[in-house]
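The sequence and the model are shown first.

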Amino acid sequence: MDRLIDRHRAVLPNWLALYYSDPLEIVHAHGRRVTDSNGKTYLDFFAGILTNALGYDVAEVSDAVRKQLDTGILHTSTLYLIRSQVELAEEIARLSGIPDAKVFFTNSGTEANETALMLATQYRRSNQVLAMRNSYHGRAFATVGITGNRGWSASSLSPVRVSYVHGGYPYRSPFRGLSEADYVKACVEDLRDVLQTATSGDVACLIAEPIQGVGGFATPPDGLFGAFAEVLAEHGILFISDEVQTGWGRTGSHFWGIEAHGVTPDMMTFAKGLGNGLAIGGVVARGEIMDCLGANSISTFGGNPVATVGARAVLDYVRDHDLQANAAALGDRLLSGLRDISVANPVVGDVRGKGLMVGVEFVEPGGMTPAPAVATRVLEETRALGLLVGKGGLHNNVIRLAPPMTLTGEELDEALGILGDAIAAGSGATE
Ligand code: PLP
């Protein structure tokens with residue numbers, strides 16, 4: 001058993017099966033490009049897995065991390081004060097816009113959402129949770145239990161009781177075809193109906209992704225969650241925005257995805273892009289909610305010095321290079337380029353997204369029947385042509401595009417050229 005893929009399959013769960021038939025091993029990365037063990041270089045249009053907001057080999061981040069390594073202090077301990085942890089928390093609290101905000105650092109998005117759910121259920125003394133259909137929030141006990149996407153929900157056992165709400169996935173919604181205003185109205189009615197008929201009323205929270213990541217970059221209309229928040233406020237229900245994929249300016253129009261909805265949530269969770277590859281996540285919450293955590297609620301590695309100095313360098317870089325504006329400008333070009341490509345390719349059912357978070361959903365021509373074989377073919381064709389993209393969606397028929405936010409216009413044009421060819425080739429894979 002010499003091949004790395006065989007050794008991987010022998011000792012690790014087989015998540016690689018979701019992507020390439022012959023997975024690649026990355027041995028070098030720089031800018032927006034990665035090189036595999038055969039020496040082939042690719043433009044990365046999935047930013048790792050939205051982890052590398054800045055791309056690869058970013059001197060400012062590497063230098064900050066190296067300097068921390070040189071102090072000899074890599075570990076965290078609740079016995080000590082950690083300056084970079086305090087400073088990062090101050091910055092995230094300020095950026096959140098949440099009044100009197102406090103931050104709890106974790107090592108992943110899953111842990112961040114587990115913590116947020118624990119906080120909400122403690123604060124509200126209720127284990128009832130609302131989540132969106134087609135959602136994904138992580139792979140631990142509570143988070144996997146509330147996932148609204150069967151392909152990603154390995155467990156039907158959960159410490160929380162969940163009810164699902166429509167709205168996150170307009171393309172396959174029963175309210176499809178309505179004007180945006182009527183769509184929002186219909187979703188609000190559904191939320192009220194779910195509250196009245198599927199819960200006992202004393203619900204802890206609604207958790208939602210502003211754009212559904214694993215769910216295929218499904219993008220609800222702006223304002224939906226603002227309208228939901230009014231209903232939630234009537235019942236004292238907390239609102240958690242899961243910004244694991246949508247934070248740090250990726251959606252272009254705003255720093256946090258939820259800002260497009262005109263609402264400040266009670267809590268936000270974050271991870272992925274903040275560390276540019278380093279393991280860091282967390283929750284930012286109103287102080288009185290965060291205070292539900294006792295002094296002995298700690299995370300050994302959460303907010304460790306290496307991750308927090310790296311994350312501070314990432315946030316400085318995002319601000320100093322105005323990457324949010326870059327995401328907005330190039331995101332618009334990406335969306336319109338893909339819409340142009342879709343005209344000649346009836347397998348494209350939907351092109352959607354915001355900023356540098358764009359999904360292309362493939363269907364059988366002339367209808368809406370999901371065409372996962374087309375998405376798989378496009379994934380393989382793009383790779384052959386030197387472009388890495390993501391795949392996903394409820395029916396595994398969506399190509400997900402989320403390049404590093406440092407993307408250049410030339411790289412965008414290169415990717416659109418490859419996508420045009422790959423989608424045309426993929427059109428032959430409908431049956
Ligand atoms: N929330 C969202 C929206 C995600 O997309 C993910 C991961 O893809 C998670 C939470 C879980 O994060 P992690 O994989 O870091 O545990």
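Predicted model: local features only at pLDDT ≥ 70, side-chain atom pairs only at ≥ 80, totals over all residues.

Residues are numbered from 1 along each chain as its sequence is written.

The domain assignment, which is automatic or from a database, divides the protein chain into domain 1 (4-57 + 322-427) and domain 2 (59-321). Their centres, taken over C-alpha atoms, are 24 Å apart. To their contact (C-beta atoms, placed from the backbone, within 7 Å), domain 1 gives 30 residues and domain 2 gives 29 residues. On the side of domain 1 that touches domain 2, α11 supplies the largest share, 5 residues.

Helices (H or I, at least four residues) are DSSP runs numbered from the N terminus. Helix α11 (residues 323-343) packs against helix α13 (residues 409-426) at an angle of about 20°, with the axes, lines fitted to C-alpha atoms over the stretch in contact and compared by N-to-C direction from 0 to 180 degrees, lying 10 Å apart. The two helices are therefore roughly parallel, a term for angles under 35 degrees. The residues in contact are as follows.

| Helix | Contact residues |
|---|---|
| α11 | L330, R333, L334, G337, L338, I341 |
| α13 | G409, L412, L416, L419, G420, I423 |

Conventions
Parallel < 35°, antiparallel > 145°, perpendicular 65-115°, else oblique. Contact = placed C-beta atoms within 7 Å.
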